[in-house]
Amino acid sequence: MTQSFTKTMRRFITNDGSYLLLALPLLIFVVVIAIYPLFFSFRISLFDYRLTDPNQTQTFVGFGNYLRAFTDEVITNSVKATLVYVAGTVVVEILLGLGMALLLSAETRIAQIIRSFLLIPMALPPLVVGLVWKSLYNVDFGIIPYYLAQLGIDLGRGPLSELHLAMPSIILVDVWEWTPLVMILFLAGIKSLPTEPYEAATVDGASRLQSFWYLTLPLLKPTFLVVLLLRTMQSFKVFDTIYATTAGGPGTLTTVLNYQIYKVGLTFFDMGYAAALANILLVIVAILSILYIMVLERQQL
Amino acid sequence: MQKMKVALYLVLALTLLVGMVGCGPAATEAPAEPPAEEAPTAVPPEATTAPPMEEAKPYEGVELSLASMTDQYVAAFRYLIPVFEEETGIKVVMDELGYVDLRTKTVADFVGDTAQYDLMTVDIVWSGEYGANGYTLALDDFMARDAEEMNLDDIMPVAWTLGEWEGKHYAFPLAGYANVLNYRADLLAEAGIEPPATQEELLAAAQALTKEDGSQYGIALLGAGSAGAQDFMAFVQQHGGTILDADGNVKVNTPENVAILEFFGSLFDYAPPGAADYWWDQRESAFRDGIVAMMEGWSIARAGYENPEISNIVGLVDITKAPVSEGMEPQYGFGGWGIGINADSDPVKQEAAWEFIKWVTSEEVQKEWLRHDGAPIRRSTLTDPELVAEYPWLPLMLESFEKGNGDYRPRFPQYSIVEDALGTYVNAFLTGQETAQDALDKAQTQIEANMP
């Protein structure tokens with residue numbers, strides 16, 4: 001992969017310019033959509049910039065907004081909440097998604113039907129999903145607490161308001177919505193595996209568990225990488241479901257970083273601080289992504 | 001062949017999904033439809049009550065956009081807007097928004113100077129912020145010009161807090177709410193309890209009316225977000241407390257407020273288990289459902305309890321003044337909505353918007369406004385014999401308005417910072433994440449950190 005990249009670069013530079021010309025629309029697009037906003041957000045993160053200030057003064061504060069974030073207890077709490085949420089959703093979704101992919105990889109009629117129905121949650125807008133689950137969870141009128149109560153399980157203030165239940169409850173919503181995506185990705189990975197190693201393993205007398213452990217898992221590593229990256233980034237960015245279900249509560253328990261950024265930016269209109277927080281989130285996600293790639297790529301080579 | 005089948009299933013699933021997803025926007029548009037269809041049938045009776053205004057339609061063809069909170073009064077808007085359009089030729093397009101969305105969208109509109117909305121309903125607590133920042137137009141010139149036809153003295157004095165800031169009016173009173181106590185007359189009579197007159201009696205009654213088996217709770221309360229913050233502030237007011245110090249600075253973590261928060265928390269022991277998560281609509285559902293015996297709240301929902309389509313408690317509800325702490329001079333929380341004009345709007349639109357405000361708050365239209373779930377602002381409406389016969393609780397509201405306090409939630413420009421911090425930490429206390437003292441300390445810290 002690195003080889004082909006250097007080759008492309010060399011061609012890019014030595015060529016008569018037609019390469020550049022052809023790539024230009026994409027370059028312009030990326031600059032306008034990604035690079036310019038990134039620099040803009042970095043710039044305003046260095047200012048005390050509040051939209052609600054009638055004079056719209058922008059005072060340069062250097063890294064003041066970043067320092068404020070590191071001493072702000074609300075932010076440390078929200079980073080913790082984010083990490084718990086990300087870890088919870090990613091681990092559960094990978095385990096469930098892989099299991100479901102293995103279960104449904106057979107080309108039987110039933111598997112095909114189930115697979116297509118499993119796509120439904122993924123295609124619903126997260127806000128709608130959040131609202132639906134909120135009413136399902138409602139302790140006085142909702143269906144989930146009702147049936148659990150029939151079974152003799154008392155939910156107290158309800159799944160979204162009890163301290164030990166709120167986080168698992170919103171993780172469950174995310175798992176419900178995104179496990180199918182993970183399943184599809186694993187399914188694609190499983191379908192593209194070569195058959196020869198399995199035949200060889202069968203000839204050598206390996207059990208199904210052994211061939212799963214020593215063949216399927218290592219061969220699926222590229223898929224794992226994609227799933228991990230995709231789901232981790234998406235989980236870090238979660239907003240809609242939290243906005244619609246707990247709104248960060250009970251107290252501050254499920255106030256993830258992205259929700260806190262929304263509050264700072266769109267409730268207090270404190271744009272400088274919100275931009276600084278968004279950049280911190282970006283750095284955390286970037287570091288984690290690089291770690292994943294390093295760990296999984298090294299093992300593969 | 002297999003692939004074909006898979007593709008077929010995928011296409012099927014997709015069409016199914018597109019259908020389901022497609023329902024989203026359509027469903028939100030749907031509620032706006034029926035009133036438009038009702039309009040033609042609704043116009044004739046209205047035309048006879050309203051004075052004939054055939055002479056001139058100076059703003060004919062002007063199109064106004066109105067951002068309205070989805071409170072009860074939105075139904076009155078739905079009914080009255082077509083009538084107004086008929087009379088003046090001004091077109092009013094209403095966008096119905098929830099509390100949080102309304103604020104976010106209108107403030108974004110103000111700070112971006114985009115003038116997407118010409119008219120907006122303004123919560124009493126936003127008036128300071130909107131006034132200080134000049135988001136909405138000061139209406140004083142208009143008011144001085146048209147004072148004669150508007151009979152401004154008829155508007156309840158307390159109602160002016162719905163938009164006044166530092167002597168000017170940035171929103172015109174639209175819907176006045178009084179904090180009252182709704183209670184189930186049948187349940188209280190059955191238990192032999194008098195309607196509570198003090199906060200201490202309220203707690204005792206809530207306890208007595210709660211059944212062990214979870215079939216009935218004493219009181220419905222608000223515990224989450226802005227709603228929880230506002231309910232807490234209402235109880236602070238009813239206990240004679242304040243969240244400001246002598247110099248007008250925010251001071252929420254005083255020993256008195258900690259004690260009031262603990263009292264507020266003890267009421268939750270007799271509220272439905274989900275109450276810590278309630279916003280206004282869920283509290284309302286709980287009461288209408290018939291699982292709670294008492295509910296403090298705005299006077300606006302009273303008529304709805306007699307509507308069998310949305311209420312299980314028809315004919316069972318009575319209403320009384322909101323109980324205050326023992327020995328305290330009675331004073332009642334006042335809230336509600338004003339209606340403002342976007343300062344960025346085109347002057348012609350501003351004139352047309354003022355026509356709308358003048359029309360909807362006029363003495364004659366206010367009667368229809370009240371009959372369609374609007375809330376009163378005028379003494380003439382509250383004392384109209386015909387209306388009092390229809391809505392026997394109006395005298396009680398009049399009294400609550402007379403002794404109303406519209407400032408128990410500070411209406412200064414930083415109000416939203418206070419509300420957000422209290423919303424978060426009152427909920428943290430109610431769900432057991434923090435003690436009352438820690439919760440208010442943290443709220444105070446957050447307020448101070450966010451104050452500009």
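How many residues of domain 1 of chain B are in contact with how many residues of domain 2 of chain B? In this predicted model, 32 residues of domain 1 meet 27 residues of domain 2. The domain assignment of chain B makes each domain from two segments: domain 1 takes 47-176 + 335-405, and domain 2 takes 180-334 + 411-450. Taken over C-alpha atoms, the centres of these two domains of chain B are separated by 28 Å.

Rolling a probe the size of a water molecule over the atoms shows where empty space is left. A search of the whole structure gives four cavities of 30 Å³ or more. The largest cavity has a volume of about 140 Å³. Why is this cavity placed between domain 1 and domain 2 of chain B? Both domains give residues to the lining of the largest cavity, so it lies between them. That lining holds 13 residues, and those nearest the centre of the cavity are B:Ser299, B:Ile300, B:Leu370, B:Gly374 and B:Trp393. By class, the lining of the largest cavity has nine nonpolar, two polar and two charged residues.

H8(A) provides the largest share, three residues. The lining of the second largest pocket divides into 16 nonpolar, four polar and four charged residues.

Helix H4 (residues 73-103) and helix H12 (residues 221-236) of chain A pack at an angle of about 145°, and their axes are 9 Å apart. The crossing of H4(A) and H12(A) is right-handed. On the side of H4(A), the contact is made by A:Thr82, A:Leu83, A:Tyr85, A:Val86, A:Thr89, A:Val90, A:Glu93, A:Ile94 and A:Leu98. H12(A) contributes A:Phe224, A:Val227, A:Leu228, A:Arg231, A:Thr232, A:Ser235 and A:Phe236 to the contact. The residues of the contact of H4(A) with H12(A) comprise ten nonpolar, four polar and two charged.

Notes. Residues numbered from 1 in each chain as written. Chains lettered and ligands numbered in written order. Predicted model: local features only at pLDDT ≥ 70, side-chain atom pairs only at ≥ 80, totals over all residues. Heavy atoms only, no water. Helix = DSSP H or I, 4+ residues; strand = E, 2+ residues; numbered from the N terminus. Nonpolar A, V, L, I, M, F, W, Y, C, P; charged D, E, K, R; others polar. 1 Å grid on protein atoms, 1.4 Å probe; cavity = no way out; pocket = protein on both sides within 12 Å on 5 of 7 lines; lining within 4 Å. Points joined across faces, edges and corners; volume = space filled by probe spheres on them. Domains from an automatic or database assignment. Axes fitted to C-alpha atoms, helices over the stretch in contact; angles between N-to-C directions. Left-handed = near helix turned anticlockwise from the far one by under 90°. Contact = heavy atoms within 4.5 Å.
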